[in-house]
Amino acid sequence: WIFNSCTVLFFLIFYSSVMLKIVADSEKKLTDIAHTDRLTGLYNRHFMATKLEAANTNEDEMFLAMVDIDFFKKINDTYGHNAGDYILTNVASTIKEICPDSEISRWGGEEFLIVFSKNDANDAKREMEIILDKIRALEILYDSRVIKITMSFGVVDGSMSNDFAALLREECIHFPFPFPFVFRAGPSRAF
């Protein structure tokens with residue numbers, strides 16, 4: 001009787017620990033799915049907006065960079081949406097490669113938001129210019145055709161606002177892009 005009771009108790013403890021691990025793993029997978037853009041593997045807009053709201057209480061200096069692929073609709077119209085998706089994944093990989101310590105999200109269709117900490121806005125802008133140069137040099141081969149793209153960037157210094165989420169929401173109300181000044185000088189620019 002005691003042996004059987006101990007065996008059952010051991011089994012229940014073991015089974016419970018296995019089930020708790022399965023539940024914890026499933027919860028992590030679901031959280032990752034909820035926070036990640038499926039196409040690019042970057043964070044999604046919802047996750048980044050939540051991080052920006054939390055950043056208001058953080059004392060670290062942060063900078064935001066909004067990135068937009070120039071004339072993306074024309075790329076989709078000319079080469080097809082699968083080519084557009086392929087370009088988005090290439091751009092995401094390039095940005096991740098150059099900014100490995102930054103928080104990067106796919107903010108919209110062809111827009112990316114990068115949140116990073118640098119010593120000053122000039123450091124952030126230099127990093128964005130490196131991305132811009134690398135993107136200009138890319139020759140994306142899709143369906144036996146080479147597709148060249150350009151991008152435009154804007155970097156906002158954290159001293160402009162301590163409420164990044166409000167800055168984005170306020171600008172998005174009136175303009176198609178959160179940092180409309182980026183696009184005034186034309187495509188393939190960093191500001």
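Let's begin on the surface, where Val8, Phe10, Phe11, Leu12, Phe14, Tyr15, Val18, Met19 and Ile22 form a nonpolar patch with about 880 Å² of accessible area together. Accessible areas come from the Shrake-Rupley method with a 1.4 Å probe, and for residues only the protein chains shown count as cover.

This is a predicted model, in which local features need pLDDT of at least 70 and side-chain atom pairs count only at pLDDT 80 or more, while totals for chains, interfaces and linings use all residues. Residues are numbered from 1 along each chain as its sequence is written, and side-chain values use heavy atoms, leaving out hydrogens and water.

Tyr15 sits in helix α1, which covers residues 2–35, and its relative accessibility of 43% makes it partly exposed (buried is under 20%, exposed over 50%, partly exposed in between).

Stepping back, the protein chain has six helices and seven strands (DSSP runs: H or I of at least four residues for helices, E of at least two for strands). From the N terminus, their order is α-β-α-β-α-α-β-β-α-β-β-β-α. Of the 191 residues in the protein chain, 38% are buried.

Cys6 is partly exposed, at 46% relative accessibility, whereas Cys99 is buried, at 2%. The structure holds zero disulfides (pairs of cysteine sulfur atoms within 2.5 Å).

How values were computed:
Buried < 20%, exposed > 50% of the residue type's maximum accessible area, 1.4 Å probe, protein only. Patch = residues over 30% accessible without salt bridge, like charges linked within 9 Å, V, L, I, M, F, W, Y side chains within 5 Å. Salt bridge = Lys/Arg side-chain N within 4 Å of Asp/Glu carboxyl O.
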